[in-house]
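Trainee: Could you show me how to read burial and a metal site in a model like this one?

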Amino acid sequence: MKARIVKIVSKEYTLMDEEGNTFDSILTGKIRKQRVPVTGDIVECKESHGRYVIEKILPRRNEMIRPSVANVDQVLIVMSVKDPDFSTVLIDRLSMLIMKSGIEPMLIVTKTDLGISEETEERIREYERGPMKVIRTAKGSLNPEVSSFLEGKISVLTGQSGAGKSTLLNQLDPTFHLATQEISKALGRGKHTTRHNELHKVAGGLVADTPGFSSLDFAHVNANELGNYVPDFLPYIGKCRFNDCIHENEPMCAVKQAVEDGLIPKERYKNYLQVLQMIHERREKF
Ligand SMILES: Nc1nc2c(ncn2[C@@H]2O[C@H](COP(=O)(O)OP(=O)(O)OP(=O)(O)O)[C@@H](O)[C@H]2O)c(=O)[nH]1
Ligand SMILES: [Mg+2]
Ligand SMILES: [Zn+2]
């Protein structure tokens with residue numbers, strides 16, 4: 001039978017079948033040598049000696065690294081308006097890496113109940129006017145749009161530690177009691193509250209609550225592809241004078257023109273140039 005891996009804790013794999021029933025399983029040694037299974041993987045398994053054994057991992061549609069989740073429909077970037085600070089640099093770097101994985105990014109702006117500075121409000125509006133879906137949420141009044149976006153999909157929550165990822169899931173399903181930050185602080189356990197990734201059944205979909213990331217790695221991204229991963233650039237890609245344009249110093253660049261015309265936010269372009277610079281510097285080192 002076919003099932004999906006929804007949780008991995010050391011050598012125990014929790015599987016979910018199409019009806020949403022979960023059961024524990026183990027892996028045959030043969031597979032462990034072939035490839036490391038991750039949550040989201042669809043597997044073939046069978047019952048043997050009273051327990052389920054995973055026999056085959058089916059090909060992945062896509063795959064995220066850190067957190068490792070396969071077959072993802074969308075990644076929800078969770079960003080608070082403050083505590084921790086709202087950061088377009090982070091949103092833009094995350095969305096580039098998500099696009100690079102072939103997955104659609106979305107933005108969830110949390111903690112709007114804490115008050116939004118004029119500067120942050122303007123930045124949020126730039127995203128709202130752009131192509132990414134944006135949802136604002138506040139503690140105590142969950143935006144019903146969140147559920148509608150999760151339905152029938154596999155979603156991954158990502159964002160800084162403390163942004164409110166686990167809180168969001170707890171609000172979506174009051175039977176969840178995922179640990180949130182105050183508790184871990186009380187236990188003095190260091191930074192990340194959420195430790196492993198697990199797919200939770202919520203709002204008619206599956207959602208991975210992941211630990212806040214520790215670093216963003218552009219090692220596998222080339223300068224000449226980076227622009228393709230900026231959602232705001234997409235309408236202008238292919239319209240530059242040079243077809244290998246990296247939208248930096250080239251004349252007749254459609255992206256730069258759109259920035260000048262106010263069609264692409266300056267902030268978005270600035271964040272793009274910063275990552276491009278990082279990529280250039282990396283190449284100089286070799
Ligand atoms: N005021 C307010 N506080 C919130 C909101 N969402 C989350 N918080 C608080 O922010 C803190 C951090 O929330 P978590 O849900 O633990 O954050 P996380 O993103 O899961 O963090 P990690 O698991 O460490 O990556 C908690 O104290 C929450 O109560 C919100 O919308 N409004
Ligand atoms: Mg968490
Ligand atoms: Zn260009």
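Mentor: Let us begin with a term: a residue is called buried when its relative accessible area is under 20%. Please keep in mind that this is a predicted model. Here Cys-253, with a relative accessible area of 5%, is therefore buried.

Trainee: Which residues coordinate the zinc ion (ligand 3), and through which atoms?

Mentor: Donors are N, O and S atoms within 2.8 Å of the metal. In this case the zinc ion (ligand 3) is coordinated by the SG atoms of Cys-240, Cys-245 and Cys-253 together with ND1 of His-247, at 2.1 to 2.4 Å. Along the sequence, these donor residues follow the spacing C-x4-C-x1-H-x5-C.

Trainee: Are His-247 and Cys-245 buried or exposed?

Mentor: His-247 has a relative accessible area of 5% and so counts as buried, and Cys-245, at 7%, is buried as well.

Trainee: Why is the arrangement around the zinc ion (ligand 3) tetrahedral?

Mentor: Four donors count as tetrahedral if all angles lie between 85 and 135 degrees. Around the zinc ion (ligand 3) the four donor atoms subtend angles of 105 to 113°, which is why the arrangement is tetrahedral.

Trainee: How many disulfides does a search of the whole structure find?

Mentor: The search finds zero disulfides. As for another cysteine, Cys-45 is buried, because its relative accessibility is 2%.

Trainee: What can be said of the chain as a whole?

Mentor: Its secondary structure comes to nine helices and 13 strands, and buried residues make up 51% of its 286 residues.

Definitions and conventions. Residues are numbered from 1 along each chain as its sequence is written. Chains are lettered from A and ligands numbered from 1 in the order in which they are written. This is a predicted model: local features need pLDDT of at least 70, side-chain atom pairs count only at pLDDT 80 or more; totals for chains, interfaces and linings use all residues. Side-chain values use heavy atoms; hydrogens and water are left out. A disulfide is a pair of cysteine sulfur atoms within 2.5 Å. Buried means under 20% relative accessible area, exposed over 50%, partly exposed in between (1.4 Å probe, protein chains only). Donors are N, O and S atoms within 2.8 Å of the metal (3.2 Å for Na, K and Ca); water is not among the atoms, so sites may look incomplete. Four donors count as tetrahedral if all angles lie between 85 and 135 degrees; four count as square planar and six as octahedral if opposite donors are over 155 degrees apart and all others between 65 and 115; anything else is irregular. Helices (H or I, at least four residues) and strands (E, at least two) are DSSP runs, numbered from the N terminus.
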